[in-house]
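Me: I have not worked with this structure before. Could you take me through it step by step?

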Amino acid sequence: MTPEASYDVIVVGAGPAGSTSALYAAKSGASVLFLDKKREIGSPIQCAGFLPDASEVQALLRDSTLPDTLRNYPDSCVLQRINTQRIIPPNCSIKEFAVRGAVLDRRRYDQFLAEEAARAGAELMVKTRVTKIEDTTVEISGIFGKHRIKAKAIIGADGPNSLVARSKGLVLKPESRETSVAIEYQVRNVDIDPSALEMYFGKDFVPGGYAWIFPEGKDRANVGIGIRSGMAERGISAKEYLHRFMRDHPFAGPKLKNGIVMNVIAGIIPVNGAPKRTATCDSLIVGDAAGQIFATNGGGIPPAMIAGKIAGETAAEFAAGKCRLDEYDRRWRAQFGSALETSVQARQLMDGVMKSDTLMNTAFKLISPEQMKVMQCGKLPAPVRLGLQALNRGKK
Ligand SMILES: Cc1cc2nc3c(=O)[nH]c(=O)nc-3n(C[C@H](O)[C@H](O)[C@H](O)COP(=O)(O)OP(=O)(O)OC[C@H]3O[C@@H](n4cnc5c(N)ncnc54)[C@H](O)[C@@H]3O)c2cc1C
């Protein structure tokens with residue numbers, strides 16, 4: 001690369017949002033550079049890897065156009081197929097519903113997505129960090145040296161602590177910036193149902209969040225918790241909550257008691273939705289960088305990729321002089337903006353209920369399995385909204 005290189009589009013980050021943006025920008029005829037600070041795409045993993053089948057995503061997000069790579073990916077990316085989701089409230093009165101999907105090997109899936117983008121013509125640089133952004137010039141440093149590169153459009157797909165978002169003022173107000181802290185183990189030798197996702201609730205085990213057992217094979221699982229530090233007992237870390245869950249939970253403990261921990265994964269999950277603006281005249285943000293993650297269940301792969309397609313196509317159109325870049329903001333909100341907002345409202349209502357196991361047990365009793373399913377993707381049926389509001393009022 002020459003020091004004065006320039007591209008139509010530079011994409012910062014090669015996770016699901018970045019690689020999808022790069023793929024669709026390149027397919028739309030733009031010259032594209034996408035780069036990631038990781039030495040190996042997708043590694044270390046920071047995800048539990050559950051991806052619902054495209055038909056499930058489409059049924060819940062009817063107005064969204066899914067990228068092909070969300071529908072079709074190699075079997076080698078799949079660790080375990082899933083057909084059931086089980087919800088375990090504090091009193092262990094289990095509810096379940098059918099869900100089709102897969103627990104993915106995120107390392108392989110992210111590599112598949114990046115390879116697709118590179119094969120479509122986008123130039124990929126691994127182990128390369130963006131260190132500074134000034135107007136439309138990015139400074140990069142890494143295995144290919146230090147360079148300043150110009151672009152017509154910059155796409156920030158650089159995760160929850162996005163440098164692009166901070167450099168361009170595309171951030172939530174400080175009082176709204178709340179995150180969920182997640183820690184998970186990949187464990188072997190566990191006694192689980194390999195076809196079912198399990199999500200556990202209860203303030204003593206997972207304050208303000210949930211614990212999960214996501215099967216990765218017959219006796220293998222990703223076991224984790226996402227908690228909100230503001231709702232945790234003082235002095236107790238996320239790791240301690242996870243250990244307590246694996247050891248003492250009456251329903252999960254016996255399944256996990258012989259587990260062998262093979263890998264420790266930690267990360268943060270933004271749970272406040274998107275900032276007011278997600279694009280400027282020359283830059284946009286996408287995926288976790290833009291808070292495009294369903295706050296009810298922490299599912300971020302589908303929205304990151306749906307918005308990535310829109311981001312790539314809009315950036316290419318912008319580079320060709322055919323539209324303004326902030327058209328991206330309007331387009332993604334038209335496809336799933338209201339679902340994202342509703343998921344934040346549902347999360348806020350659940351926050352109140354989650355302060356008491358008794359309220360939680362009552363709420364889970366009132367909500368049908370079908371209602372639970374749609375709530376996860378940002379739908380809040382009116383009876384559920386009213387019920388949660390009433391429970392919250394009763395608590396005061
Ligand atoms: C513990 C945990 C479990 C989860 N489980 C699930 C799940 O089961 N299902 C689901 O749908 N979602 C899950 N999520 C959420 C999901 O992982 C994210 O929503 C998804 O990865 C978002 O994709 P992204 O491309 O926006 O961000 P990321 O996947 O975070 O990718 C951002 C990329 O940007 C790179 N980067 C950052 N800064 C720079 C820089 N300055 N220069 C160069 N590169 C940079 C990073 O290295 C990274 O590769 C989970 C999250 C966590 C933390």
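Reply: What follows is a short tour that begins with the ligand and ends in the loops. Please keep in mind that this is a predicted model.

Me: Understood. Which residues come nearest to the ligand?

Reply: The nearest are Gly-13, Gly-15, Gly-267, Gly-287 and Gly-300, out of 37 residues around the ligand. Two or more residues of this shell are given by each of α1 (16–27), β7 (128–134), β10 (179–188), β14 (260–270) and α8 (301–319).

Me: And how does the shell around the ligand divide by class?

Reply: The shell holds 18 nonpolar residues, twelve polar ones and seven charged ones.

Me: You named two helices there. At what angle do the axes of α1 and α8 cross?

Reply: The angle is roughly 35 degrees, and the two axes come within 7 Å. The crossing in which α1 passes α8 is right-handed.

Me: Why quote both an angle and a distance for packed helices?

Reply: Two packed helices are described by the angle between their axes and by the distance between those axes.

Me: Which residues meet in this pair, α1 and α8?

Reply: From α1, the residues include Pro-16, Ala-17, Thr-20 and Ser-21. On the side of α8, they include Ile-301, Ala-304, Ala-307, Gly-308 and Ala-311. By class, the contact of α1 with α8 has 13 nonpolar, four polar and two charged residues.

Me: What does Val-286 contact, setting aside its neighbours within four places in sequence?

Reply: Among the contacts of Val-286 are Ala-17 and Ser-21, together with Ala-304, Ala-307, Gly-308 and Ala-311.

Me: Gly-156 then. Where is it, and is Gly-156 buried or exposed?

Reply: Gly-156 is in strand β9 (residues 145–156). It is buried, because 32 other C-beta atoms lie within 10 Å, and 20 or more are enough for that label. Beyond residues up to four places away in sequence, Gly-156 touches several others, including Val-12, Ser-162, Leu-284 and Val-286.

Me: How far is Gly-156 from Gly-13?

Reply: The two are 143 residues apart in sequence, yet 7.1 Å apart in space from C-alpha to C-alpha. Gly-13 is one of the residues that come nearest to the ligand.

Me: Now the loops. Is Lys-276 buried or exposed?

Reply: Lys-276 is exposed, because 10 other C-beta atoms lie within 10 Å. This residue lies in the loop between β14 and β15 (283–285). Its C-alpha is 9.4 Å from that of Lys-173, although 103 residues separate the two in sequence.

Me: Which residues does the cis peptide bond join?

Reply: It joins Ser-43 and Pro-44, with omega at about 0 degrees. Pro-44 belongs to the loop between β2 (32–35) and β3 (50–52).

Me: What about phi at Cys-92 and Asn-189?

Reply: Cys-92 has a positive phi of about 60 degrees although it is not a glycine. Asn-189, also a residue other than glycine, has a positive phi near 65 degrees. Cys-92 lies in the loop between β4 (78–88) and β5 (95–104), and Asn-189 in the loop between β10 and β11 (196–202).

Methods. Residues numbered from 1 in each chain as written. Predicted model: local features only at pLDDT ≥ 70, side-chain atom pairs only at ≥ 80, totals over all residues. Near = placed C-beta within 6 Å. Helix = DSSP H or I, 4+ residues; strand = E, 2+ residues; numbered from the N terminus. Nonpolar A, V, L, I, M, F, W, Y, C, P; charged D, E, K, R; others polar. Buried ≥ 20, exposed ≤ 12 C-beta atoms within 10 Å, placed from the backbone. Contact = placed C-beta atoms within 7 Å. Axes fitted to C-alpha atoms, helices over the stretch in contact; angles between N-to-C directions. Left-handed = near helix turned anticlockwise from the far one by under 90°.
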